Amino acid sequence: MKLLSPLPFRARRRGFTLMELLLVLAIIGLLMGGGAAVYSGIMDSAKVTKTQTKLGILGGQIQLYSSQKGGKLPTQSAGLQALKAAGMVRSDEELTDAWSQPLIYTFPAKRGGDKYDLWSKGADGLENTPDDVGNWPAPD
């Protein structure tokens with residue numbers, strides 16, 4: 001004798017429909033897209049902060065170089081390589097920004113830096129754009 005279940009056929013079925021799965025995947029995709037946009041902004045900000053920190057450290061090393069050389073700053077032609085030659089910088093990586101581009105040293109200062117300009121071209125890699133990061137005073 002065959003026993004019949006008191007529940008109708010649809011109520012006994014297990015699993016999800018294709019529409020339910022697609023809806024869940026669409027929601028996950030939207031959440032990940034929003035998270036990626038936020039993450040990208042945080043990473044850009046972190047690169048600017050890292051470059052500013054490197055500029056501050058190198059600025060201190062330039063001042064140390066100057067005190068050891070009787071008040072003379074590295075010349076324009078020697079640039080930051082003078083710090084490397086003096087043993088204050090161990091690798092070329094210390095002379096690059098967060099975008100792996102070389103930092104720029106200008107002596108005498110042209111943009112209002114501390115007797116010299118020390119700066120990065122920023123994310124776009126172009127000079128004299130708003131994303132440049134340097135040791136000069138920030139615009140108001």
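Strand 2 and strand 3 (residues 133–134) pair antiparallel over 2 bridges. One such link joins Ser120 to its partner Val133 in strand 3. This is a predicted model.

Strand 2 also pairs with strand 1 (residues 104–106). That pairing is antiparallel too, with 3 bridges. Here Thr106 has Asp117 of strand 2 as its bridge partner.

| Strand pair | Direction | Bridges |
|---|---|---|
| strand 1 and strand 2 | antiparallel | 3 bridges |
| strand 2 and strand 3 | antiparallel | 2 bridges |

Together the 3 strands form an open sheet in the order 1-2-3. Strand 1 and strand 3 are the edge strands, each pairing on one side only. Helix 2 packs on this sheet and touches strand 1, strand 2 and strand 3. The direction of helix 2 makes about 155° with that of strand 2.

Strand 2 (residues 117–120) is covered on both faces. Asp117 and Trp119 are buried on one side. Leu118 and Ser120 are buried on the other.

Next comes the nonpolar core. The largest one has 16 residues. Leu58, Ile62, Leu80, Leu83, Tyr105, Tyr116 and Leu118 touch the most other members. Helix 2 (18–68) and helix 3 (81–85) each supply at least two residues of this core. Helix 2 gives the most, with 4 residues. In soluble globular proteins, nonpolar side chains tend to be buried together.

Which residues does Tyr105 touch, leaving out those up to four places away in sequence? Its contacts include Ile62, Leu80, Tyr116 and Leu118. Tyr105 also touches Leu73, Pro74, Thr75, Gln76, Gly79 and Asp117.

Technical notes. Residues are numbered from 1 along each chain as its sequence is written. This is a predicted model: local features need pLDDT of at least 70, side-chain atom pairs count only at pLDDT 80 or more; totals for chains, interfaces and linings use all residues. Side-chain values use heavy atoms; hydrogens and water are left out. Buried means under 20% relative accessible area, exposed over 50%, partly exposed in between (1.4 Å probe, protein chains only). Two strands pair if DSSP finds at least two bridges between them. A nonpolar core is a set of buried Ala, Val, Leu, Ile, Met, Phe, Trp, Tyr and Cys residues joined through side-chain atoms within 4.5 Å. Contact means heavy atoms within 4.5 Å. Axes are lines fitted to C-alpha atoms, for helices over the stretch in contact, and angles run from 0 to 180 degrees between N-to-C directions.
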